Amino acid sequence: MARRSLRTREHRRAALIAHYAPLRATLKTQIKDPDPAVRSAAVRRLAALPRDASAVRARSRDQIDGRPRGVLTRFGLSRIRFREMALRGELPGVRKASR
C-alpha cells in the first residue's frame, strides 16, 4: 500500500498537468516555428513552467491501494490486485485462461 502522501502528490500533479496542458500545447507548436526569435522565446517560457506540469512526470498507480508498479492500464489495477479480484469474480467479463 502506497503512502497517502504519494497518492496526493499524484493527484496534485494530475491537476497541474490539466491546468497547463493548453499553454504547453501552444508553446510546443511555437517551438516548431522557423523564426529563431519566436522559437527561443517559446523555449524560455516552456522552461519556466513547473516541472510537474509535464505529462511525462505522471505515474500510473493502482486505483485501490496506490501501488506504482505493474499497473494494468485497461483496469487501473496492479497485477496483484487484478489477479485477486479476477479470482474472486469481482471483475465482470474476466476469467482465467486455463481451467
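First, the ground rules. This is a predicted model, where local features need pLDDT of at least 70, side-chain atom pairs count only at pLDDT 80 or more, and totals for chains, interfaces and linings use all residues. Residues are numbered from 1 along each chain as its sequence is written, and side-chain values use heavy atoms, with hydrogens and water left out.

Start with the overall fold. The protein chain holds 3 helices and 2 strands. Helices here are DSSP runs of H or I with at least four residues, strands are runs of E with at least two, and both are numbered from the N terminus. In sequence order the pattern is α-α-β-β-α.

Now the dimensions. The C-alpha trace spans about 65 × 30 × 15 Å along its principal axes.

What share of the 99 residues is buried? The figure is 23%. Buried means under 20% relative accessible area, exposed means over 50%, and partly exposed is in between, with a 1.4 Å probe and protein chains only. On contacts (heavy atoms within 4.5 Å): among those with a separation of 6 or more, 35% join residues 24 or more positions apart.

Of its 15 lining residues, Arg59, Ser60, Arg61, Asp62 and Gln63 are the closest to the centre. For the method: on a 1 Å grid over the protein atoms alone, a pocket is an open set of points with protein on both sides within 12 Å along at least five of seven lines, while a cavity is a set where a 1.4 Å probe fits but cannot get out; lining residues have an atom within 4 Å of a point.

Which elements supply the lining? Helix H1 (4-31) and strand E1 (71-72) each give at least two residues. H1 gives the most, with 4. By class, the lining has 4 nonpolar, 6 polar and 5 charged residues. Nonpolar covers Ala, Val, Leu, Ile, Met, Phe, Trp, Tyr, Cys and Pro; charged covers Asp, Glu, Lys and Arg; the others, Gly among them, are polar.

On to salt bridges. How many are there in the whole structure? The search finds 5. The criterion is a side-chain nitrogen of Lys or Arg within 4 Å of a carboxyl oxygen of Asp or Glu.

Take aspartate 52 and arginine 57. Their closest N and O atoms are 2.8 Å apart. Aspartate 52 is partly exposed at 23%. Arginine 57 is also partly exposed, at 37%.

Next pair: arginine 81 and aspartate 65, at 3.0 Å from N to O. Arginine 81 sits in helix H3 (residues 79-87) and aspartate 65 in the loop between H2 and E1, so this bridge ties together parts 16 residues apart in sequence. Aspartate 65 is buried, with a relative accessible area of 9%.

Then arginine 88 and glutamate 90, again 3.0 Å from N to O. Arginine 88 counts as exposed at 52%. Glutamate 90 is partly exposed at 41%.

Is serine 54 buried or exposed? Serine 54 counts as buried because its relative accessibility is 15%. This serine lies in the loop between helix H2 (36-48) and E1. Leaving out residues up to four places away in sequence, serine 54 touches Ile17 and Arg24.

Phenylalanine 75 lies in the loop between E1 and strand E2 (77-78). Phenylalanine 75 is partly exposed at 28%. With the sequence neighbours up to four places away left out, its contacts are Gln63, Phe82 and Val94. Histidine 19 is 56 residues from phenylalanine 75 along the chain, and their C-alpha atoms are 25 Å apart.

Finally, isoleucine 80, in helix H3. Its relative accessibility of 37% makes it partly exposed. Isoleucine 80 and arginine 67 are 13 residues apart in sequence and 9.5 Å apart in space, C-alpha to C-alpha.
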